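My plan was to look things up one at a time and jot down what came back.

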Amino acid sequence: MARQTLLLAVANLLIPIAILVFATGFFPYKPFMTGLATYENPGWENIFKWKKQPEPKFDKLVFMVVDALRSDFVYGEDSGMKFVQSLIRDGSAIPFTAHATSPTITMPRVKAMTTGSIPSFLDVILNFAESDTSSTLATQDTWLAQLKAKEGGKLVMYGDDTWLKLFPDFFTRADGTSSFFVSDFTEVDNNVTRHVSSELLNSDWNAMILHYLGLDHIGHKAGPRSPNMIPKQIEMDGMVEQIYSAIENEDHLENTLFVLCGDHGMNDGGNHGGSAPGETSPALVFISPKIKKITEAIAKESPTKPKGEFEYYKKIEQSDIAPTLAGLMGFPVPRNNLGVFIEDFLYFWDDGIDRIQLLLRNAKQIKTIVEATYPSLGFSDEVKELDCDKSLSSGERLACKWQNVVQSMSTVATLHPQTRVNFLFSFLRDAQDTMSSTASNYDVSRLFLGTFLAFLSFGLTFLTLPKLRRISSAAIAYTLTLSLYGILMFASSYVEEEHNFWYWATSGWFFYLFISESRKQWFPKFIFHPAIMLLLLHRIIRRWNQTGQKYAGAPDIVHSVVIRGPHSIILWFLVGATYTDIMFRLSRHVARSVSTFEHGNTRDNVDLESTDINGIMGKMAILPLTVTAFLFKLAFTARDAPELTQGFNDGLLYGLGTLSLVSVAQMVFAGICLIGSWQIYAENRRSKARKRGAGSGDLAVALFDLLALFLITQTKAENIPLFLYFRCQLFFLTHIDLSPTAIALTTILLAQTSFFALGNSNAISSISLSNSYNGISGYSLPAVALLLFASNWAGPIFFSSAGVLLLGSHGREQRFVNKEELDARDWIAEEREHLMKQATKESEGRERRKGATDVWRGHIALLTLGVSAGLVAVMAACMVLREHLFIWTVFSPKFLFAGAWGTFFHLGVSIAWGSALWAAGKL
Amino acid sequence: MKIKDRALPEATNIYPTGFAQSYQHLHPFLVLALGSWYFNDIVANPIKGLSTALVWLAVLQIAYCVTCLPPYGTGKVVVEKKKPGEKEKKRSSQVATKIFTGLVALIMSLIVSLVVAATLVLFGAPMTTHHWETLLCAGHMSLLATLPLVYVRGVEGQTWQEAVALLLPVDDVYGGMIGTFVGAWLGAVPVPLDWDRAWQRWPVTIVTGAYVGYAIGKSIGATWGKGGKIVFV
């Protein structure tokens, strides 16, 4: 027995270790070259007789990043940025769609724009763990470092403090804004804007960086079609106009290049992180009166229509910004750059030799990186014979293209400059493609080790399972589910559409339960059989939110007219019902605890019913808490998604608008903690007062109901009715005779189902930040992380805890239920007893709870087995498919999610919180 | 109402005649052939293809019932020698009974297909669109699964409860029913894959799964599964 507990503990310890080891092999820090690039000899002096560097065209830079500025926000017909569009028509601005690679979140994008390199996936984690400073770019070569190194180079920065973390001590003047406080649309931007006008009068800086966050926050909160979106675009447009007119009018800004860009886009839900077209297509505009020189021959239509979904004008890579700035402002291309000088800007230089020199420097810098990747292939500057007709590997193809460059540079014949330019571009673009998509240098041995450790955890857990004397149907279903899940993890589309698997398996499982129950006893009104009701609820739940990739925009209940606009009253009726249900449950708990103190003297009566008076007291105690929680949700939604609160009285909404959301949320959390502490105290007292016998585990139920209140506080209003359905499912589950194995399988299936039903998927972009700041006024990593996790994993947390109650049949002898229900329940309980005795000769549910740790350990073992099996599958898939096209867009995010499931959910919720709940149920 | 309390019916036996014996093994292949014959039509235009195929499936299933299965009410297949004169007469009236029973079974199974359609929706079939596709899919499943079952077991409520509870003894008919539903359920697996094939559209894979499941289930039921009980441990 002790041996099994030990094995299980080791198996669970191995889970985070396996994840960590695998992660270090899977997301290695990309080696980069340190130090600043300097102008080196480009070669072929005797042919070209380079005079000097091509003359820089600009000496100052205003780099304005508008977070999540998707291409259509600037170029589209519905855009609010009319001034920028007038500049494009006028030729003073040259527009692009800058392709951002996944992960499309701020920190890696800033790295890409400033270094010209493709940042590693690890930056996703670092982006969330904002306090981390190991990802700094202080020692890397960036255009910031180059501009700072110039004579008189001074940088100023206003906006997202990501820049301050990436570039510590770079800025002469700076004012950072936390980028995680997404509920704020205006302050974050005012904090930037208030510096701009005075800074435009200063002439000491040569680069000013502005990073506006408001637009991204609006997206996260309410999506790209939020009513706040157009006003924000107009506000940004106004900033562009202000800066542009300063450039036109101020002498010291005469040679200023103004770049307006988004770091990434957003998808239809307003989130980002993945690789959907909306997320990878930010706008990029170069603005200056001098740009007219190169826009003469370019179509200047604006607004316009996109070629693809979001592809406006010419599509370039985001990394192209770095070498382009280098050429335009006259500094060497940053060393780790994989970007290509944007062709349109070549025409700033009339002399073909200048154009060739610019590109040649760009090409030689990239060639250094290519050479380091393919050391055995010839990338020297000498003309030689290469067999380029056979089928080539990507490295050989690059070598051939470089050889073309070498030959065209070395020839003394008179070539049109454009010929050489074309050879250079051919090499540069191919090198960019190849080097960006080359899988990073995985540490394969660590990948093996990580997978092996996960497998070891799986094996150890398996050993703790009781001897397989007789295989049960539930065990077969459990095994089949896990095996099929493991196989499907190797299919990229099933990773993207994982919800389909869980929905499918859960329907099958419920129907199995129906058949299995029907074999014992035919339910006369079989349509209302608990298992059929479960199936029906499941059908509604899975349709509530569409998720995944392919059909994410397909019709679902949340976006249907049923609960939107004029019908939002239906939604609020359901939300109200959810809160009312919780209120009645909680008040019953409080009433019971109050009665405990009344009956404190008569020791035998501790488990007696509480009186009506107690019931009223309970309601009085709980009403303020639930009403506050409801009003918080209403006020939050009125600000967050006003289209959902149309049916409400304007005066009420105005009154709610004046509330401070932070303090109301704090009141709710404090209330939950208060009631929780009171319940623990009261139940402890009751437990001590009890002479003999056992309680019915009411404390566990009370804590569970409080948890439910916390979870719905962390859930978006339109998803709250789901918790009503979850509660109904739990009710019907208690009416079905489930073996411990069946309970474990049900827990796993419903935890996964509810995760996806709440709108989550295996894409980083589906992580919702909107409830991560409830009750928090400043940035605190642990608190935000907890709320973020609770809001995204609310469903799984609910069902993981529900599984504990199912296992121990906690609180079955509850008071205040109506008589008929009570009878029905007793009848089920008798049936259960009867069957349990027949089947296993063991005692019933209460004994499970009271008895040894066996049952609970068995439950944990089955959950652990599921998690470790899933991890093995995901890790093996990531390892085997590491050269797969979708490794960074599909499998890596899945690994991160699997890591979160394995650590935060499994260890934190299933085991730690679950054990606490189980222990509480023993009182 | 405990189901177990009642004595369960016995497994159905196929007519012992040579033709019936060989046809019963041929039947699943004919069903599969029918399915594959119409497969491209169904993919191209599900409603049209499924409707046409449904008619032929009905013919095929009734033919199978009439040829191989004892209709409800005749009890076990009794092999007895009759006098030559009697035999002819009896046979013709028997054929009429059989065809009548077959037609009743057809109508019943079409009614049951509504229940099957509701079950499909519960399992995730589209609710607001594709109504005809879902109904026709249910029709196919019902003709495969319930038509022969009604033919041999009748419409007695308790028998149907036992059928749903998987308590009937396994035979050709029952194996076919279980195979149809399991196959249809498994048929949903390829739908989310990103292969972008026309056959991934609703409800092609479900119907295909049902056909394949029927053929496998029936064959197993007819051979080593015969007479066995389904045990839930």
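A term to settle before I start: helices (H or I, at least four residues) and strands (E, at least two) are DSSP runs, numbered from the N terminus. I am working on a predicted model, where local features need pLDDT of at least 70 and side-chain atom pairs count only at pLDDT 80 or more, while totals for chains, interfaces and linings use all residues. Residues are numbered from 1 along each chain as its sequence is written, and chains are lettered from A and ligands numbered from 1 in the order in which they are written.

**Entry 1: the spans in chain B**

I looked up UniProt first, and its unreviewed entry lists residues 99-123 and 173-193 of chain B as "transmembrane region". UniProt positions are given in the numbering used here, feature names are shortened, and annotations may be inferred rather than shown by experiment. In the model, residues 99-123 of chain B are 96% helix and 0% strand, with 34 Å between the end C-alpha atoms. For residues 173-193 of chain B I got 67% helix, 0% strand and 33 Å between the ends.

**Entry 2: chain B as a whole**

I found 8 helices and 0 strands in chain B. Of its 233 residues, 40% are buried (20 or more other C-beta atoms within 10 Å of a residue's own; exposed means 12 or fewer, partly exposed in between, with C-beta atoms placed from the backbone). I then turned to contacts, meaning C-beta atoms, placed from the backbone, within 7 Å. Among those in chain B with a separation of 6 or more, 81% join residues 24 or more positions apart.

**Entry 3: strand S6 of chain A**

Why is S6(A) (residues 256-261) largely enclosed by the rest of the structure? The reason is that 6 of its 6 residues are buried. Both faces are covered, with Thr256(A), Phe258(A) and Leu260(A) on one side and Leu257(A), Val259(A) and Cys261(A) on the other. Next I checked pairing, which takes at least two DSSP bridges between two strands. S6(A) pairs with S1 (residues 60-66) of chain A in the parallel sense over 6 bridges, and with S7 (residues 283-287) of chain A in the antiparallel sense over 4 bridges.

**Entry 4: a helix pair in chain A**

I took H34 (residues 854-880) and H35 (residues 887-920) of chain A, whose axes come within 9 Å and cross at roughly 170°. Axes are lines fitted to C-alpha atoms, for helices over the stretch in contact, and angles run from 0 to 180 degrees between N-to-C directions. H34(A) and H35(A) are therefore roughly antiparallel (over 145 degrees; under 35 is roughly parallel, 65 to 115 roughly perpendicular, the rest oblique). The contact includes Trp856(A) and Leu863(A) of H34(A) and Phe891(A) and Trp918(A) of H35(A). By class I noted 14 nonpolar, 4 polar and 1 charged residues.

**Entry 5: Lys148(A)**

Lys148(A) sits in H7 (residues 143-149) of chain A. I found this lysine partly exposed, with 18 other C-beta atoms within 10 Å. Leaving out residues up to four places away in sequence, Lys148(A) touches Gly153(A), Leu155(A) and Phe170(A).

Conventions. Two residues are in contact if their C-beta atoms, placed from the backbone, lie within 7 Å. Ala, Val, Leu, Ile, Met, Phe, Trp, Tyr, Cys and Pro count as nonpolar, Asp, Glu, Lys and Arg as charged, and the others, Gly among them, as polar.
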